[in-house]
Number of protein chains: 2
Amino acid sequence: MRDITPLVAPRSVAVIGASANTEKSGGILFKNIVDGGFAGPIHPINPRATEVLGRKASPNIKDAPGPIDLAFVVLPKAGVRAALIDCIAARARAACIITAGFGEIGPEGRREQDELRELVRAGQLLTIGPNTIGTVNAECKLMGSFVPFPSWQSGGVSLFAQTGIFAGAAMVQHMAQDSQRLGIGKSIDVGNKIDVDELDFLHFAAEDAATTVIGLYLEDMRDPDAFLPLAARVARDKPIVVLKPGRTPAGAVASAYHTGAVPMDDGELDAMFHRHGLVRADDVDDFLGTLKAFAYLPRPRGRRVGLITGSGALGVMAVDELVTEGLELARFSGETLVAAGKVVPDWQPLGNPLDTWIAIDMAGPRAAVEVPFEAVLGDPGVDLVLGLLLTPPNADFPEVREVFESLRARHPDVPLCLVLTGGTARLRWMHDIEGLGIAVYPTPRAAARALRALTWHAGIHAPIA
Amino acid sequence: MRDITPLVAPRSVAVIGASANTEKSGGILFKNIVDGGFAGPIHPINPRATEVLGRKASPNIKDAPGPIDLAFVVLPKAGVRAALIDCIAARARAACIITAGFGEIGPEGRREQDELRELVRAGQLLTIGPNTIGTVNAECKLMGSFVPFPSWQSGGVSLFAQTGIFAGAAMVQHMAQDSQRLGIGKSIDVGNKIDVDELDFLHFAAEDAATTVIGLYLEDMRDPDAFLPLAARVARDKPIVVLKPGRTPAGAVASAYHTGAVPMDDGELDAMFHRHGLVRADDVDDFLGTLKAFAYLPRPRGRRVGLITGSGALGVMAVDELVTEGLELARFSGETLVAAGKVVPDWQPLGNPLDTWIAIDMAGPRAAVEVPFEAVLGDPGVDLVLGLLLTPPNADFPEVREVFESLRARHPDVPLCLVLTGGTARLRWMHDIEGLGIAVYPTPRAAARALRALTWHAGIHAPIA
């Protein structure tokens, strides 16, 4: 076991290939690091510049003033090997090879990559890449990526991705959201996974106090026999969500093409993940949605779901999805039904799902939310609450935050998810409930998937099918 | 068979319960119809008003000047029966009962609803509802709904929904999108389906020249033996997509609660839909995404998909999804590979998926799109094209519309879908390609589902599993 802290949380960085030309990867990456406000020294390395963006440049990393934890290598392919030799000579602790064109391009590239691996291992240089967009540590404000992230949100989620550009593009999209973002403290993209791998990362994340939830995008596992038992131990405290494509033989071939990953039998892999307590996501949306459940919601005490719906149709669809995912419909207590019944006419049947649309006309839009949620969240027979709310103009009201804040404060231990359907008010509601620990999902299916993962991880649940 | 044109495309409407109070359903609905710009006469009916929003009110529909095709009934429950009797006496052709509190509330409500059914059938009054948000016909600008739709887009899709408020809320959300909306000419929501049903609607849609694609949200089928053979005939020309919840026993019970629907065996239902050429959607997103494929894309000539990707990881995920849905990966011709190879370095392997990320650096972002799409769209071995493009700043370029417009013009017969991942440029790209007949999906899975439906309907494909 080795400590990858210098890679994930460096105290100082160098950028080999830094330039003032922000059309080039080296220029973009350097600017992103400077603009991001990295807490430690930032050293541009460029033999043809004396300074870059106001920082004194060194011709070689060996000439840089002061010790360097992490060196980014952003050079044409031909210069990478020499740069790594220089990093080792300069006693840098870690390197991130941005440059592409190695293992992902075929046998010749894999041979060159293997030679680099021998080199960095011999020199004890912790290395990620080649073919990566870099690494982000929001806690020390290291935006070490050639994709800019103007609105990154920090938090307890730590991500590890075995991919080139994809993780970056997905994060750009995610962090551009107005609300419901994940708080991601660390995100490292190992690209072709030349050296540092999921096992190293898991050791780090297990010890890292700031990490509460772990997300892994894997194209292969380097050493399943070491990785899985460790993952099983870590996952008891810190849920681990895995996205691993190549489920089909054709996908596995494409994966082998992409990162040189060795195909594995997918059914076997599923069973292994399951046995070791890892949650497997279906796709990127499911991956982010499941991480959100773990990051936003308290641990449930059971799997009985209380449904509150503004739409009978959505209620039916949600029942289908919840039952398919192995969750149960709660049986509401008499008290709950009496309380919820106060905002609907006598003729309205009361049950689970609790249909509250008519309450908007009868009691007003605020009471149509406040009264049934208060009743259902307080019902001892309810372990999780899913609200399917419609937000056309007549359902809107100004005190959305106040209502949900107070519901959360009175019932902090019950996980609460919403599916919101409607026009512009929908976005405002999402914005209003930001930070209250309420997870919003686009569809009943997405919510059901996330709630299944949450309960399964809490050990309450029938095994994931 | 009866003609429901007076209901779906009325020449004149009345609103029984119209008022100037836009806090009430009757006031909102009347205002929506007036603001929507309905082409024919609009008659407010209200015994306590002489005019509503500047239109002369009549105390009773029997007193309204001129013939009435469609009367909306927006009254408290106690007044509904008398209003329908008046509609029949006034020789109105159709009625839309907005009022809720009938079949959906239990045995007593079902009995009352059955009595209303006898009444309207005896009076030959084509009736939808009770418990509906109304009906929209964008072609004659009838916004007959108590949910306002300021930005409804018209087109060849016709929708039928057996639900109360849900269809409206889903449409509010859909029509609030900045791009990639469906063009929906007619949308009728039959609520509890007292009278006019899916069979009537299908007869109408089959004959309606403006209808090219049909979407049905059903909680039950009134007469499967009549409906399914007709659907099979209609679907040959006009694809029919069905969303039918209640897949699980618990969901079926919830559905029975919601609209009084009679539970059906879901596996049997699936098989029936399949045998009769109907595409069944999984959920609302899948429903809208599949309708979009039919509305936006030409009929494919085969099922060989050419993949162009900005991300190896997305390519792998897309291969998984496409193969799972029964589609094939195309084998690119030598010419295609030579052409696409011009924008990537020699070391880049060429295949399907075609990875074009590096082309951005080498040939610029415009050529990185234009060159590979031109090659793949023109390849005779490719039947459908799916592009998985990343849109961080370095991938962006101003001539997005120009490039895709010209690609579409040169290759109009090849269905083209995109999945866009990235920050703000993503939204601008979606906006730029608006109207070009390019379907954008949020994930490879959503795209694969839609392409499967498209090829299956074209009769090319292995049966839907």
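Me: Which residues in α6(A) meet which ones in α7(A)?
Reply: This is a predicted model. In it, Glu198(A), Leu199(A), Leu202(A), His203(A) and Ala206(A) of α6(A) meet Ala226(A), Phe227(A), Leu230(A), Ala231(A) and Val234(A) of α7(A).

Me: How many of those are nonpolar, polar or charged?
Reply: The contact of α6(A) with α7(A) has eight nonpolar residues, one polar and one charged.

Me: At what angle do the axes of the two helices cross?
Reply: Helix α6 of chain A, residues 198-207, and helix α7 of chain A, residues 224-237, have axes that cross at roughly 20 degrees. The axes come within 10 Å.

Me: Roughly parallel or roughly antiparallel, then?
Reply: Angles under 35 degrees count as roughly parallel, and α6(A) and α7(A) are therefore roughly parallel to each other.

Me: And is the crossing left-handed or right-handed?
Reply: The crossing of α6(A) past α7(A) is left-handed.

Me: Switching to the interface. How much area do chain B and chain A bury between them?
Reply: About 4,900 Å², with 69% of it on carbon and sulfur atoms.

Me: Which residues in chain B lose the most area to chain A?
Reply: Val316(B), Asp320(B) and Trp347(B). Together they make up 12% of what the chain B side buries.

Me: What is the count of salt bridges between chain B and chain A?
Reply: Six salt bridges. One of them joins Arg247(B) to Glu321(A).

Me: How far apart are the closest N and O atoms in that one?
Reply: For Arg247(B) and Glu321(A), the closest N and O atoms are 3.7 Å apart.

Key: Residues are numbered from 1 along each chain as its sequence is written. Chains are lettered from A and ligands numbered from 1 in the order in which they are written. This is a predicted model: local features need pLDDT of at least 70, side-chain atom pairs count only at pLDDT 80 or more; totals for chains, interfaces and linings use all residues. Side-chain values use heavy atoms; hydrogens and water are left out. Axes are lines fitted to C-alpha atoms, for helices over the stretch in contact, and angles run from 0 to 180 degrees between N-to-C directions. Helices (H or I, at least four residues) and strands (E, at least two) are DSSP runs, numbered from the N terminus. Angles under 35 degrees count as roughly parallel, over 145 as roughly antiparallel, 65 to 115 as roughly perpendicular and the rest as oblique. A crossing is left-handed if the near helix is turned anticlockwise from the far one by less than a right angle, and right-handed if clockwise. Contact means heavy atoms within 4.5 Å. Ala, Val, Leu, Ile, Met, Phe, Trp, Tyr, Cys and Pro count as nonpolar, Asp, Glu, Lys and Arg as charged, and the others, Gly among them, as polar. Buried area is the accessible area (1.4 Å probe) that two parts lose on being put together, summed over both. A salt bridge is a side-chain nitrogen of Lys or Arg within 4 Å of a carboxyl oxygen of Asp or Glu.
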